Amino acid sequence: MTEPIQIKSKLAGNPTHELQFKSFVKSKDGRSIPVADPRSTRALVSLMDMNAVLGGAASHYGGPAAFAELMSAMHGHVFDVAQKENKPWYDLFHVVNDAGHCENGLYALKANYQMAGLNLNSLKKFRSIESGLTGHGEVHCFPEGVFVSNGPLGSALPQTQGLAMGEALSGKNRVTITAISDGASMEGEARESFAAIPGLAAVGKMGPFVMVISDNNTKLSGRIDNESFSMAHTFASLKTLGWDVISLPEGNDLQKCYDAIVTAVEKAKANPKVPVAIHAKTVKGIGTKKTAESASGAHGFPLKSPSELPAFLSEIYNGETLPEVYNTWIGELNKWEADIKANAVKDTGEKIQTGISSAMIRARKAGLPVLSVTSDLPGSTGVAGFRKEFPADSIDVGVAESNMVSTAAGLSKLGYIPVVDTFAQFGVTKGALPITMGALSEAPIIAVFSHTGFQDAADGASHQALSYVAMVSSIPHVDVYSLSCSEEADSLMFTVLENFAKDRKAGKVPNSAIFFLGRENFPKTFVAGTKYDLKKAQILADTTAGKAKSVTIATTGSLVLQALEASKTLEAQGIGSVVVNCANVNHVDVETFKTVLAKTGGRMVTVEDHQVIGGFGQILCHGLLQAQVPFTVKSLGVHGEFGQSAYTALELYKKHKIDASAIVAAAK
């Protein structure tokens, strides 16, 4: 045995309060065990999601609704064992959630127990910048309730493999229980652990391990077998791989969930050489008929107004009288909605994604062999319009970003123009090696990676790509574009598709092109009649005339709007500025900047929603220094920190000092 360094647990200890909303299950010895009422979990998730929606954030209902019975039973058993053995539960178990979009169900469950510093009021700040209850479970924001961070599907399971290996090494043999979804089971990391855990366990290198799978044949874009391929064979292979598989066809039956979990834990403890998998068939979106039957299982929260909540919660409770605390909460939400409507400002913008789809459709109609290769997020990235119009030219490989990029490389070798899409965080982290290998194979691709930087505000740090430029800009034969509006997206994407086809027909190998874009609405264009050039930076504003002092504001992507606001503020204060939008991030337009910097006395502010290290500003400054262009600079960006959840990106821009007011201060 190898004794590890002792690290004091930050996790909250055993519950000390009675459950506010409870059900009961029967133990094997005939005792009545209190567990969280799954209906209350669904109701509380609905209420806290409504708070997030009113704040401007997305949220999830379907996944936590499906997991409600499994999580109630799991925690009920863990706390019962801890009470019987008179030990903190975390000295006996590791309980980890891989299904990050279900973390709000665990927040609701913990608030029900009034543990980890939570109560019902705590849930009302879910996904806000004021709360540690981020969109997905993150240790740096909520260490009392999260042991291993989650979010990107399939990322926590391999870490729990390490936990269980550590238990075997130390001889402590705590039981590791990991919850995972069917969608997450499509990821490469998860598949590797499916094989590695039983393989390592068989040779005595794993502590007791239990994996709980919620299988409802549903991912974000719809039913898994309809959208991509059936997972039935994958789950059937677990037994062959060495798992002891407990089949649970009624994964939303509370007592049967409890019995399965107790049996699994007993088996794993009795023989750590054989890990146990509970294959639970659940219903995503269970609770109401509409959500359970929807194609995506109500992956996101389906309600738009708190006025819909009474009927929604009533159906969850089968028409029973709702607890008064729910009605009080709904009343607060109704008042908040009224205040929002009274102070609403009309949004005249649109999503950048609109331009992506229109360019792809135009190119395909022009006869170019454009294909969409997605990994479950086309509705979020902008390619859904193309896929609707050209379903035969659209492929969904499942929740598997690395596989998506590699598949596209193979299609590229045969003369197609493949366009892949996902969130920026997943695209750059899971796609960097496949993009590299595609370049080495002379198999370029086009990528659409959305939700850059703090634009994925509500989902939290795990989904916020703050190193996206740094991760791909230095890969040979890759052009990186950061988009600021839908008109720019349409123009640049179409040009890249055209050039890709021209190069292929001429016997040349085109570069891969990666388009990064935000999530929120932006103006369709910033300057009417603008012409877009793949190689030229854009001058969007010039207020230097008649000013004694001026500054260049260099920016890209989602921060263009903040830069333009800063320019107006500076002009009102008698300071001139030139706002330069650099869509092509990793190729510096030296000539434009040489001219602009001469006009502003060499003074420049760079600003981006990215880490300062390795970002757009660093690339720009290095390019100008290499060209011997004189300038002084202040670079605004993120300084070696992770983000957190917030209702809107602007809240995070302000916190990290990359908003308009920060640009003004830096300019001065």
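Mentor: A term to start with: buried means under 20% relative accessible area, exposed over 50%, and partly exposed in between, with a 1.4 Å probe and protein chains only. Helices (H or I, at least four residues) and strands (E, at least two) are DSSP runs, numbered from the N terminus. This is a predicted model: local features need pLDDT of at least 70, side-chain atom pairs count only at pLDDT 80 or more, and totals for chains, interfaces and linings use all residues. Residues are numbered from 1 along each chain as its sequence is written, and side-chain values use heavy atoms, with hydrogens and water left out.

Trainee: OK. How many residues of strand β9 are buried?

Mentor: Five of the six in β9, residues 276-281, so defined by the cut-off of under 20%. The strand is mostly covered.

Trainee: Which way do β5 and β9 run?

Mentor: Parallel, with six bridges joining β5 (residues 209-215) to β9. Two strands pair if DSSP finds at least two bridges between them. Valine 210 has valine 276 of β9 as its bridge partner.

Trainee: And β8 with β9, how many bridges there?

Mentor: Five, again in the parallel sense; β8 covers residues 244-248. Aspartate 244 has valine 276 as its bridge partner in β9.

Trainee: New topic. What is the phi of asparagine 318?

Mentor: Positive, about 55°, although asparagine 318 is not a glycine. It is found in the loop between α10 (309-316) and α11 (324-342).

Trainee: Is asparagine 318 buried or exposed?

Mentor: Exposed, at 65% relative accessible area.

Trainee: Where is glutamine 628?

Mentor: In the loop between α21 (616-626) and β20 (632-638). Glutamine 628 has a positive phi of about 60° and is not a glycine. It is exposed, with a relative accessible area of 70%.

Trainee: Zoom out. What does the secondary structure come to?

Mentor: 23 helices and 20 strands. Of the 668 residues, 59% count as buried.

Trainee: What is the radius of gyration?

Mentor: 26 Å, which agrees with the value near 26 Å for a compact globule of 668 residues. The radius is taken over C-alpha atoms, and the globule rule is 2.2 Å times the number of residues to the power 0.38. Along the principal axes, the C-alpha atoms fill a box of roughly 85 × 55 × 50 Å.
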